[in-house]
Amino acid sequence: MIAPTRTLLLFLPAGILLGLFFIGPIGSFLMQGFFTRDGGPTAEHLSRVWAAGTYLQVMAASVKIAVWVTLLSILAAYPAAYVLATADRRAKGYWTLFILLPFWSSFLVRTFAWIVLLGRQGPLNAGLTGAGLTEAPLDLLYTHGAVLIGMTNVLVPFAILTMVGVMERIDRGLVAAAGTLGARPVQAFFRVYLPLSMPGVTAAALLVFITALGFFIAPALLGSARETMIAQLIIQQVMELVNWPFAAILCLTLLAVALVIFWAFDRLVGLSTLAGQPSGHAAGGVMRGIGALGIRLSGGIGDILAAIANRIGLPAPLTQGTSAPIRMSAAVVVLFLLVPLLLLIPVSFTGKTYLSWPPVDLGLHWYQEVLTSPVWLGAALRSFIVAGLTALVCFIVAVPTAFAFLKLSGRTASAAFALMISPLLVPRLVIAVALFYVYARLGLVGTITGLVIGHAVIALPFFFIAVIAVLKTYDTRLDLAAASLGATPWQTARRITLPLISGGLVSAGLFAFVVSLDELNIALFAAGGLQSTLPKLMWDEATLRFSPLLAAVSTLVLIVMSAVVLLAARLRRI
Amino acid sequence: MTTAKLTIDSLTKRYGPMTALEPTSLAVAAGEFLTLLGPSGSGKTTLLMMIAGLTSPSGGHIALDGKDITTKPPHARDIGVIFQNYALFPHLSVYENIAFPLRMRGRSGAEIDHAVRQALDLVQLPQVAARLPRELSGGQQQRIAFARAVVFRPPLVLMDEPLGALDKKLRDELKFEIRKLHRELGTTIVYVTHDQDEAMLLSDRICLMNNARIEQIGTPADLYERPATRFAATFIGESNLVDAISDGNGVRIGDLRFATALPERLPPAGSPCSVLIRPERLRPGVAGPDSFIATVESVIDLGASRRLALRLGGGLSLSAITLGGGRVITAGDTVHVSVDPSDVVPLLGERHP
Amino acid sequence: MVRYSPTRRHLVAGGAALLAMPAILRAQARKIVVRDLGIGTSFMDAYGKAFTAATGIEVQPVTGANDPIALIKQMVDAKTYTWDMSIVSRQVANQLAADGAGYLEPLKIDDAPGWKALPEMFRSPFYAGNDVVATVLGYRTDKVKTPPKSWADFFDTAKIPGRRAMRRSPVDSMEQALLGDGVAGDRLFPLDFDRAYKRLDAMKKNVAVWWTSGAQSTQLLQSGEVDLCPTWNGRAQAAVNSGAPVAIMWDQALWQSEGWAILKGTPNADLCREFIKFALAPERQAIFAKATGYGPTLPAAINSIDPAVAKTLPTFPANRASAILVDVDFWTKNRDLAAERFNKWIVG
């Protein structure tokens with residue numbers, strides 16, 4: 001048994017990072033919402049939110065969009081996650097590569113790709129009118145649908161990764177057992193596999209929902225005015241109107257919604273499922289009721305489908321394994337994920353000065369511009385350095401915490417977990433703005449250190465969740481064995497534990513690396529624009545020029561990251 | 001033997017160049033308890049999974065009650081299966097786990113309730129109906145798995161090392177229970193294990209498997225008393241295996257001669273052969289017409305039994321087991337040892353040398 | 001426990017000293033950091049490089065998107081001068097100068113020749129105008145057969161059919177709605193919001209896209225996503241320059257100016273004054289105007305620009321005939337509530 005003080009000590013790095021650079025700044029930022037500009041307490045801002053109506057309406061619309069995006073993401077992610085979880089080793093490698101590929105490209109650039117794809121002159125409309133399906137181009141862009149597509153496209157990979165963890169732990173023998181007990185494959189799926197995968201589904205839904213709630217770029221660029229989301233209004237208050245107290249109140253509204261969802265999730269499913277773990281605590285009466293109802297409902301669906309299959313005499317596959325329709329739908333999902341990337345590759349060779357379809361006067365002009373520009377190369381170098389350091393900071397902060405976390409149980413564990421993933425709850429923009437004040441006091445504005453700390457705060461939840469998932473599968477008896485052989489705790493960690501979990505740590509580090517590489521807000525708002533990162537330059541380029549340079553940069557990053565990932569995969573194998 | 005419940009004809013399984021099961025034929029009678037016994041990798045689980053429909057065969061046929069089920073999906077086979085890890089559905093209560101096969105068969109609520117209660121009574125766990133599987137002990141889980149596999153009265157029940165995950169005491173207890181349940185239900189059972197004691201206790205017949213094929217099929221007594229091969233002789237029970245020369249109706253070992261009750265197994269006179277003599281069938285201290293003299297090299301007293309290392313003329317060493325107590329034999333003693341001709345078992349040549 | 005952990009204060013203090021190094025080093029060099037519009041390398045080409053060559057003072061450009069008002073306030077409040085000065089719009093400059101204790105340094109360059117030549121409407125004690133941005137109507141010449149001649153034409157969907165976009169902001173769209181409703185340019189301010197919304201209500205169904213960023217408006221015109229799109233003249237010009245069939249309506253162009261402002265309290269204020277004096281030169285503004293499409297504020301500058309380019313600038317005589325100067329102080333006073341009302345209207 002580890003003494004409580006020792007456990008607390010392991011939490012210290014995380015406590016310092018989050019206390020100093022997340023909870024403190026966010027707290028003081030949010031507090032502004034209850035004070036006048038002169039410092040007196042007031043409820044004026046709060047009552048304005050209620051009085052104006054618009055903000056609650058936009059909040060409701062944001063929740064609605066987030067719910068839709070969550071539903072779509074789960075539906076799209078499920079077959080892909082299923083195939084990934086059940087594929088044999090080699091096939092798994094390929095699926096993983098394709099599913100993760102979009103991660104290695106900026107979400108900003110993917111959003112811009114959808115503008116081209118869905119535009120009236122875009123390839124989709126060109127195809128539709130070319131095939132004679134429609135006379136005039138359809139209004140695909142600047143619609144509710146476009147926002148959902150753009151956001152879903154970005155969030156599906158996150159949902160897949162979250163679900164796969166749970167699905168991989170489902171005993172395949174249970175489905176086989178259901179078969180021997182008389183269940184058709186479709187019944188076995190709905191009665192056994194689906195209920196067992198629900199913790200993964202709900203965890204993915206939670207992650208997607210919370211992340212979607214804080215989106216502001218996709219709705220602004222792909223949606224009509226109706227698809228205005230609350231984060232856009234927060235940004236307007238912060239950046240344009242400079243009414244920070246009011247922005248703080250809007251943030252609180254957003255946080256409140258997120259917290260309610262988190263609370264309900266923890267009560268119903270348990271937060272630890274976020275790390276791909278089966279439900280942490282035995283569910284109480286209400287949850288058991290809901291769970292039983294869900295299981296019955298799912299079973300009913302399975303029975304109906306099975307009856308239909310029986311009626312039409314559909315042959316059931318004899319062998320176990322993923323059926324062709326599921327593989328097909330997974331392939332469609334992967335294609336959907338890759339479409340924006342695939343579009344950008346040809347576009348990057350266009351001779352035109354703006355992002356458009358079809359590419360003409362092909363050449364390497366844009367690549368030349370990027371590769372000969374010290375600004376872009378400097379930003380790329382800086383971004384990669386910052387991403388590497390971010391992964392390192394996450395490692396130092398989260399690995400000890402993760403070890404300590406596994407020794408906790410019950411309420412303490414829930415609280416610790418909530419703390420570690422709390423940065424997920426707050427829109428990144430708000431974190432960035434709040435960080436600026438702390439940075440100003442510490443002289444960190446416009447420094448690499450400032451960027452790294454900000455990115456680490458944002459990447460920490462992702463890293464932590466990934467590490468927990470790995471550590472849970474680690475046999476701690478090996479540590480005891482090492483200790484019995486005379487190893488000190490430090491020697492045990494260095495010689496036994498870390499080498500054994502290194503593969504998982506590489507994945508977790510990669511996760512943090514990618515989150516950092518794609519992080520825009522910190523560079524935009526907390527760094528004073530002084531240290532340009534790749535996303536920051538892309539953002540400037542996108543808001544100022546909208547040029548095919550973006551496509552070239554995106555393609556280059558894709559190539560470099562693919563190389564990094566393949567290298568990491570090689571390292572894992574060793 | 002009554003009509004065959006299950007008939008297996010030239011069933012084969014290959015994974016690429018690897019053969020998991022050589023063409024195998026087998027018939028199981030109605031009501032019979034057949035055990036597939038063998039070391040891991042012998043093909044016994046592969047065979048069981050093909051009967052269950054969870055692995056598709058590379059060749060051959062399976063028939064249940066005379067009907068070919070080779071290409072039937074598992075859910076249409078009506079065969080109960082108990083898995084090694086029980087495969088209880090963790091999200092369903094014990095009651096719902098047992099009700100599952102009945103629900104799949106569209107039984108009415110009252111019928112289900114009656115059958116589930118009965119099944120729970122059968123395994124003597126009526127009080128756990130509302131619990132989740134993870135709230136049960138290993139032994140309880142095993143019983144529930146059994147109840148679930150038989151509740152729909154399948155004509156055939158397959159059991160894949162169902163006691164493998166339990167500790168020895170529980171295993172011994174449940175062995176007898178399975179035996180009792182089999183008697184009560186009269187179901188046909190095909191049982192997979194690598195534990196010879198389980199096989200000996202439970203089976204009507206044992207199908208001994210080795211190297212992806214059947215080594216020998218017979219009653220437990222057959223396999224123990226008259227193992228056909230070296231493998232069969234060593235896998236079940238303890239054994240003295242001795243190289244000997246046939247003389248037509250007996251064997252010579254050095255200058256000793258042993259008569260055998262199984263002369264038909266002997267090769268032509270003058271040919272070498274292997275002979276099995278079970279250690280407990282050697283009777284030290286008993287003089288008789290065929291007895292021989294041996295030196296006791298060591299004695300291990302195990303309380304209930306005593307284990308002796310005997311040295312015979314010509315450098316032959318044999319181990320013997322006697323009951324404990326009685327006359328004390330100590331190391332260094334010279335004793336008469338006798339053995340009955342029916343306990344001298346010539347082995348058939350190995351089929352794949 | 002104490003034995004293992006250095007106190008929090010030690011960590012922070014030590015860390016801060018270590019991490020703050022770059023800022024300390026920077027303060028010792030003769031160097032200013034200037035936030036500019038980030039349109040290519042226009043800023044450095046027109047001003048930065050020449051200034052360094054002339055004075056030896058280094059200039060570091062920083063691109064900042066959107067209105068930098070929040071960032072500037074942060075920097076001055078925290079006395080962390082990541083930037084020393086910035087190009088800001090006249091409205092932002094007025095607001096920064098007026099808010100609280102004031103966030104801008106008085107310029108005090110009254111004796112500089114550039115300052116004297118600067119028209120009154122482009123300067124204040126805290127602000128020296130550099131360029132004029134005109135909100136104009138860009139339209140596709142391949143789709144719009146009758147060239148629009150006023151905002152009333154833009155609002156007349158029967159006379160000029162075609163897909164329309166507007167800016168998702170009360171600024172510009174209010175003015176356009178009122179002008180579209182027949183209000184005369186010189187009687188535009190103070191804006192009659194009720195009347196503007198009445199006109200917009202009728203127009204709403206005809207607006208296919210409400211754009212949010214300048215590049216987006218360029219792309220809308222370039223790709224033909226819409227046929228008519230009010231935007232800043234530089235943005236419309238970018239579409240023209242890229243070869244798209246786009247023309248600009250200069251009638252009733254809505255003028256705003258952008259110019260130099262110094263962050264209050266920056267230790268480099270005097271270097272910034274040097275820079276502004278240097279930048280207020282016709283030949284420098286001419287280079288900037290050519291690169292950005294925005295009009296020079298110094299009247300003399302337009303003469304030193306190639307006529308082909310000059311006629312695409314807001315301050316070209318023919319283009320400025322019916323131009324209307326936006327009342328930035330009106331907006332400073334009304335922007336907060338106007339934004340709320342506009343948000344309400346647009347999501348409703």
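This is a predicted model: local features need pLDDT of at least 70, side-chain atom pairs count only at pLDDT 80 or more; totals for chains, interfaces and linings use all residues.

Trainee: OK. How many residues of chain A are in contact with chain C?
Mentor: On the chain A side there are 64, and they meet 58 residues of chain C. Contact here means heavy atoms within 4.5 Å.

Trainee: And how much area do chain A and chain C bury between them?
Mentor: About 5,300 Å², with 59% of it on carbon and sulfur atoms. Buried area is the accessible area (1.4 Å probe) that two parts lose on being put together, summed over both.

Trainee: Why give an area at all?
Mentor: Because the size of an interface is often given as the accessible area lost when the parts come together.

Trainee: How many salt bridges are there across chain A and chain C?
Mentor: The rule finds four. It asks for a side-chain nitrogen of Lys or Arg within 4 Å of a carboxyl oxygen of Asp or Glu. One salt bridge joins the side chains of A:R48 and C:E340, at 2.7 Å from N to O.

Trainee: And how many polar contacts?
Mentor: Between chain A and chain C, 13 residue pairs are in polar contact, both residues being at pLDDT 80 or more. That term means a pair of N or O atoms within 3.5 Å; within protein, one must be able to donate a hydrogen and the other to accept it, and residues adjacent in sequence count only if both atoms are side-chain atoms.

Trainee: Which part of chain A gives the largest share of that side?
Mentor: Helix α11 of chain A, residues 230-240, with seven residues. Helices (H or I, at least four residues) and strands (E, at least two) are DSSP runs, numbered from the N terminus. By class, the side of chain A that touches chain C has 38 nonpolar, 18 polar and eight charged residues. Ala, Val, Leu, Ile, Met, Phe, Trp, Tyr, Cys and Pro count as nonpolar, Asp, Glu, Lys and Arg as charged, and the others, Gly among them, as polar.

Trainee: Now chain A and chain B. What is the area buried there?
Mentor: It is about 2,200 Å², and carbon and sulfur atoms give 68% of that. In this pair, 27 residues of chain A are in contact with 32 of chain B.

Trainee: Switching to sheets. What is the strand order in the four-stranded sheet of chain B?
Mentor: The order is β2-β1-β4-β5, in an open sheet with antiparallel pairing. Two strands pair if DSSP finds at least two bridges between them. β2 (18-29) and β5 (67-68) of chain B are at the edges with a single partner strand each, so one side of each has no neighbour in the sheet.

Trainee: How many bridges hold β4(B) and β5(B)?
Mentor: Two, in the antiparallel sense. B:A63 stands opposite B:D68 in β5(B).

Trainee: And the six-stranded sheet, what is its order?
Mentor: β6-β7-β8-β3-β9-β10 of chain B, an open sheet with mixed pairing. Its edge strands are β6 (79-82) and β10 (213-218), each pairing on one side only. β7(B) and β8(B) pair in the parallel sense over five bridges, and B:M159 has B:Y191 as its bridge partner in β8(B).

Trainee: Last one: which residue has a positive phi in the turn between β12(B) and β13(B)?
Mentor: B:G254, at about 60 degrees, in a hairpin with two residues between the strands.

Key
Residues are numbered from 1 along each chain as its sequence is written. Chains are lettered from A and ligands numbered from 1 in the order in which they are written. Side-chain values use heavy atoms; hydrogens and water are left out.
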